[in-house]
Each structure stands twice: as C-alpha cells, then as structure tokens.
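Have a look at the model below, then try each task before you read its solution.

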Amino acid sequence: MANSLETWLSEYGESHQNPTNKKVHWVCVPVIFWCVLALLWQIPLGPNPIMNAAVVLIAISILFYSRLSWTLTIGMGILVAVSVALILGYESLRLPLPLWIFALILFVLAWVGQFWGHRIEGKKPSFFKDIQFLLIGPAWLLSFVYQRLGIPLK
C-alpha cells in the first residue's frame with residue numbers, strides 16, 4: 001500500500017476525533033514508541049552491543065518515513081535519538097528493575113490507555129486495518145507539532 005503522507009494522516013485521523021482519545025494518544029503513543037525501542041534494544045544481533053533489533057526497526061522506519069516526507073524523517077530521527085538517549089540513560093542508572101521489565105510494564109499500561117481512548121472514540125485502532133499505522137501514530141502527532149511551528153511536511 002503506497003499512500004501519500006496526507007492520505008496516511010487523514011486515514012489515521014478518522015479514528016482519532018474525540019478530544020479525550022487525542023489526549024490519550026499524546027501520552028501513550030510516545031510511550032509505546034519508546035517501549036518498543038527499549039524492548040528491541042535488548043535483542044542483540046551480533047557481538048557489538050549497539051547492533052540490536054531496535055537498530056533494525058529504526059532503519060526500516062527511517063526508510064518508511066523517507067518515502068513520505070524528508071521533514072518528517074528528520075523529526076522522527078530526532079524522536080529516535082531522544083528515545084535512544086533515554087534508553088541508554090536508563091541503562092546507565094543500573095536500577096534494580098531491568099530496562100525490559102520497566103519497558104514492558106509501561107508498554108502494557110500505554111496500550112490499556114490506547115484501548116480505553118478508542119473505546120471512548122467508538123472506533124477501533126487504525127493498526128487493525130493496516131499494521132503500518134503503528135508507524136503513522138508518532139508521525140500523526142509530529143504533524144501537529146510541525147503545523148504549530150509552521151514547518152511543511154514535504
């Protein structure tokens with residue numbers, strides 16, 4: 001399915017009209033984004049600790065976003081960099097709760113929030129229609145930030 005960015009955002013927005021559901025997404029989507037990276041960060045793909053499943057997902061995601069919009073790709077790259085910094089920061093704290101357990105707990109709580117928001121909305125999450133919408137959620141939020149800052153999504 002080769003949609004334009006405008007089509008993706010419009011389709012995603014159809015099931016995100018309720019103000020409460022939108023607020024839930026502003027919290028839960030970034031948390032889920034971080035949790036997915038944190039969980040995949042724990043899956044090594046070789047002897048180098050920086051080569052892991054999260055890096056593969058990041059590369060695939062950047063390719064996906066670059067087909068849609070270069071400005072969006074830059075923004076998502078910044079979001080990825082902040083997420084990785086938070087992952088590395090958590091690991092450096094050497095807390096008794098391992099990163100994967102913390103991320104899994106947050107992941108479950110954020111999805112509970114997402115489904116609650118969609119229950120209020122009265123519509124199913126978009127990814128039930130197309131799994132690629134999991135990549136559109138963060139981009140949808142970023143599009144509002146860009147709009148507010150006057151940055152075009154080209």
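**Exercise 1. Find which residues touch the most other members of the largest nonpolar core.**

Solution. Keep in mind that this is a predicted model.
- Step 1: The largest nonpolar core holds 31 residues, and Trp34, Leu72, Ile87 and Ile136 touch the most other members.
- Step 2: Next, ask which helices supply this core. H1, H2, H3, H4, helix H5 (99-121) and H6 each give at least two residues.
- Step 3: A second core has 5 residues, among them Val24, Ile32, Ala110 and Trp111.

**Exercise 2. List the contacts of tryptophan 34, leaving aside its neighbours within four places in sequence.**

Solution. 

**Exercise 3. Decide whether threonine 73 is buried or exposed.**

Solution. 
- Step 1: Locate the residue: threonine 73 sits in helix H4.
- Step 2: Compare its relative accessibility with the cut-off. Threonine 73 has 7%, and buried means under 20%, so this residue counts as buried.
- Step 3: See what it touches. Apart from neighbours within four places in sequence, threonine 73 has contacts with Ile62, Tyr65 and Ser66.

**Exercise 4. Name the buried residues of helix H1 and what covers them.**

Solution. 
- Step 1: Helix H1 spans residues 5-14, and its buried residues are Leu5, Trp8, Leu9, Glu11, Tyr12 and Gly13.
- Step 2: The cover over these buried residues includes helix H2 (19-41), helix H3 (53-68), helix H4 (70-93) and helix H6 (133-149).

**Exercise 5. Work out whether the radius of gyration of the protein agrees with that of a compact globule.**

Solution. 
- Step 1: Start with the elements: the protein has 6 helices and 0 strands.
- Step 2: For 154 residues, a compact globule would have a radius of gyration near 15 Å; the protein has 16 Å, which agrees.
- Step 3: Turn to contacts with a separation of 6 or more: 71% of them are between residues 24 or more positions apart.
- Step 4: Finish with burial: buried residues make up 40% of the 154 residues.

How values were computed: Residues numbered from 1 in each chain as written. Predicted model: local features only at pLDDT ≥ 70, side-chain atom pairs only at ≥ 80, totals over all residues. Heavy atoms only, no water. Buried < 20%, exposed > 50% of the residue type's maximum accessible area, 1.4 Å probe, protein only. Helix = DSSP H or I, 4+ residues; strand = E, 2+ residues; numbered from the N terminus. Contact = heavy atoms within 4.5 Å. Rg over C-alpha atoms; globule rule 2.2 N^0.38 Å. Core = buried A, V, L, I, M, F, W, Y, C linked by side-chain atoms within 4.5 Å.
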